[in-house]
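Colleague: Could we go through this model together? I would like to start with its pockets.

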Amino acid sequence: MTKRLFMKGNEAIAMAAIEAGCRYYFGYPITPQSDIPEYMSRELPKLGGEFIQAESEVASINMLLGASATGVRAMTSSSSPGISLKQEGISYMSGAELPGVIVNICRSGPGLGGIDASQADYFQAVKGGGHGGYHIIVLAPASVQEMYDLTMLAFDLSDIYRVPAMILGDSVVGQMKEPVVPNKRPATELPPKNWVVRGKGDGEQRVVKSLYLGDGELEAHNWKLHGRYQELRDKETRWEEFMLDDAELVVTAFGSAARIAKTAVMAARDNGIKVGLLRPITLFPFPEKAFRAVTERCKRVLDIELNAGQMVEDVRLSVARDAEVFFYGRPPGAGSLPTPEELLEQIKKYYV
């Protein structure tokens with residue numbers, strides 16, 4: 001019988017990171033993600049790994065950059081305002097083609113905001129929150145099991161494509177407890193890291209950098225990066241379809257909002273309403289083709305988010321041209337999560 005563990009989503013991320021081979025963690029405490037550094041500080045030394053509580057979020061992201069440049073698997077985590085402080089380092093990692101995993105357990109904002117659940121960091125995550133027009137891989141778990149599984153996937157994708165990867169959660173999936181099957185690290189064919197810095201020696205000189213000053217160098221580098229982003233779109237897009245075969249209204253949501261939306265969809269089905277759910281799992285790359293395909297037949301989409309409307313822009317860009325997209329959101333500070341009954345009323349409102 002497969003062993004199941006009852007744990008928080010934050011703990012599942014930390015456990016999965018260690019299973020994936022992460023032995024270096026750099027972070028700084030902030031609610032609601034502090035379970036992650038707590039777990040790593042306790043477990044990594046037992047395995048010969050290194051846990052460093054840095055003096056700041058800026059320091060921790062640059063420690064991640066340095067560790068990644070040596071070829072090891074490493075991770076950092078924080079929550080919304082802390083992730084904002086890491087943006088310059090994330091841009092540098094993206095420009096230097098360095099893998100690494102960043103966890104954002106989102107809280108309310110802007111500014112210090114509060115510790116309630118929020119999905120208002122969507123734009124920052126998927127559009128490249130720092131300077132320079134880059135992208136990172138963004139995975140959005142909707143359960144504690146997915147917090148575990150997608151963390152291991154994040155390390156693999158980041159190594160394969162040499163692009164930083166982010167787990168975008170919130171205080172709901174981070175703090176909730178659910179049973180988890182602690183799957184072993186999957187056997188994945190990874191490219192050799194023949195770019196890592198090794199110090200002075202007899203071999204060829206290796207330099208990890210994001211500075212390109214030669215004539216045409218930076219443009220060529222940017223086109224190479226954007227070619228890689230297109231490869232991610234072509235090969236690594238992930239989503240979940242639920243009861244879409246005969247749906248006359250498509251509900252879409254990601255992360256914790258999708259959990260509530262799925263319950264509302266099932267309640268709507270019990271009321272004879274033909275509705276289904278399309279849940280993006282990768283927020284970058286966004287499942288554009290999935291939205292286009294489903295809206296070639298079903299022309300009404302209801303987007304639900306824990307913000308004032310962010311993913312809905314990508315939904316509108318992705319659906320068939322004659323599809324209608326409606327939005328229902330709860331911005332940070334609303335004080336509570338929407339209930340399934342509340343979302344059921346929205347489904348009834350837009351169902352024709």
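Modeller: A pocket here is an open set of points on a 1 Å grid over the protein atoms alone, where a 1.4 Å probe fits, with protein on both sides within 12 Å along at least five of seven lines; lining residues have an atom within 4 Å of a point. This is a predicted model, in which local features need pLDDT of at least 70 and side-chain atom pairs count only at pLDDT 80 or more, while totals for linings use all residues. Residues are numbered from 1 along each chain, and side-chain values use heavy atoms, without hydrogens and water.

Colleague: Which residues lie nearest the centre of the largest pocket?

Modeller: Ser91, Gly95, His131, Gly132 and Ser210 do, out of 13 lining residues. Helices α5 (87–95) and α9 (217–235) each give two or more residues to that lining; helices are DSSP runs of H or I with at least four residues.

Colleague: How does the lining divide into nonpolar, polar and charged?

Modeller: There are four nonpolar residues, nine polar and no charged, with Gly counted among the polar ones.

Colleague: Changing topic, how many disulfides are there?

Modeller: The count is zero, taking a disulfide as a pair of cysteine sulfur atoms within 2.5 Å. For Cys22, the closest cysteine sulfur is in Cys106, 20 Å away, which is too far for a bond.

Colleague: Is Cys22 buried or exposed?

Modeller: Cys22 is buried, at 0% relative accessibility; buried means under 20% relative accessible area with a 1.4 Å probe, protein chains only. Cys298 is also buried, at 2%.

Colleague: Which residues of α12 are buried?

Modeller: In α12 (residues 311–318) they are Met311, Val312, Asp314, Val315 and Ser318. Seen down the helix axis, these buried residues fall within an arc of 160 degrees, so they line one face of α12; the arc is taken from the directions from the axis to the C-beta atoms.

Key. Buried means under 20% relative accessible area, exposed over 50%, partly exposed in between (1.4 Å probe, protein chains only).
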